[in-house]
Every structure is written in structure tokens, then in C-alpha cells.
Amino acid sequence: MIRRRIMLIGATGSGKTTLANVLNQHDDSVHGDVPFSGCSPVRCGQEVVYGKHTVDVPGGYFDTPWMYNHLISIAQNNASHVVFVVSQSQRSVAGAPGLAKVFGCPVTGVVTQCDVKPENNAFCLKQLQHFGVSEPYFNVSVANGSGIPELLQHLFDART
């Protein structure tokens, strides 16, 4: 039996690994009561990492169009949910229009580092729309924990 996980995709430096560390600390047994306890040190690498609840895909898969077939294959074989991650700290233009529409599982949009550069928020929301991600979108900050409980509840409710 294949264990389905939450697949995180986004541009290099968008905060996927930091978010994966938070999601992997979530305890399924406390469903509905979501504690936030920070995150583990950030790991950097170019390999797909399978965590307790996540599949963390390197930004290179998202930044490079010829890698999209790999994204789709990983999602088909492993994902219960795909999360598009964009960072409010940068104005990345990687990713193809409508890419979210190719996945056969629920897709969610997350804006990370929502506590920095608020002038980029509208750009980030337009990026998620550009990718074809439907609302609701989640603005989160791992640094101060804002938006994390709502995102955890949304993602883990969707899996049950």
C-alpha cells in the first residue's frame, strides 16, 4: 500500500523545506488541536525528500519546464495533496501557467514569509492564480507561527 503525502512544490528559496519541517512535526493523533512548536534546521539539497507527511520537491523541478513530467509522476504516485509554495520575500516568476490543473489531487496555495515585504503579497496571490491554484490561499510565517494552525487543519482535514 502506497502512503500518500502532501507534496510541496515551488521555486528555489520559496520556503518548501521549512514548511515541510513544520508539517512533518504534526501529530495525527491531535487532530483538531494543532500545536505549533517551530521547525527543525533547514536541509538543502537537490533530491526529493519523503518526510512523515510530506514530499519535499527541490525547486529545480519547478524552475525548469522539462522537469514537469517528473513533478506530475511524483504527484501521481505519492501525493494526497499538492501545495504550491510562493514566498513573499521574493518575486520569483518560475512555474508555468495552469500547472496546478494537471494534478489529479487537491491543490492548495501557500504564501510563506507573510511577515516580510507585505508589498509583495498581491504579486504572490497573482502567481498562485497564474499557476491555476484555486482559493483559499494561506499566508503563513514559520518564524512567528501565523497561519500555520489554519494550514495544518486544512491539509490534514483534506486527508481524512
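Q: Why is Asn 78 called buried?
A: Buried means under 20% relative accessible area, with exposed over 50% and partly exposed in between (1.4 Å probe, protein chains only). Asn 78 comes in at 15%, so it counts as buried. Bear in mind this is a predicted model, where local features need pLDDT of at least 70, side-chain atom pairs count only at pLDDT 80 or more, and totals for chains, interfaces and linings use all residues. Residues are numbered from 1 along each chain as its sequence is written, and side-chain values use heavy atoms, leaving out hydrogens and water.

Q: What makes strands E2 and E6 edge strands?
A: Two strands pair if DSSP finds at least two bridges between them (strands, E, are DSSP runs of at least two residues, and helices, H or I, of at least four, numbered from the N terminus). The open sheet runs E2-E3-E1-E4-E5-E6, with mixed pairing. E2 (49-50) and E6 (137-139) each have a single partner strand, so one side of each is left without a neighbour in the sheet.

Q: How do you know that E4 and E5 pair?
A: Six bridges join E4 (residues 79-87) to E5 (residues 107-112), against a requirement of at least two. The two strands run parallel, and Val 83 has Thr 108 in E5 as its bridge partner.

Q: Is Phe 156 buried or exposed?
A: Buried: Phe 156 has a relative accessible area of 3%, and the cut-off is under 20%.
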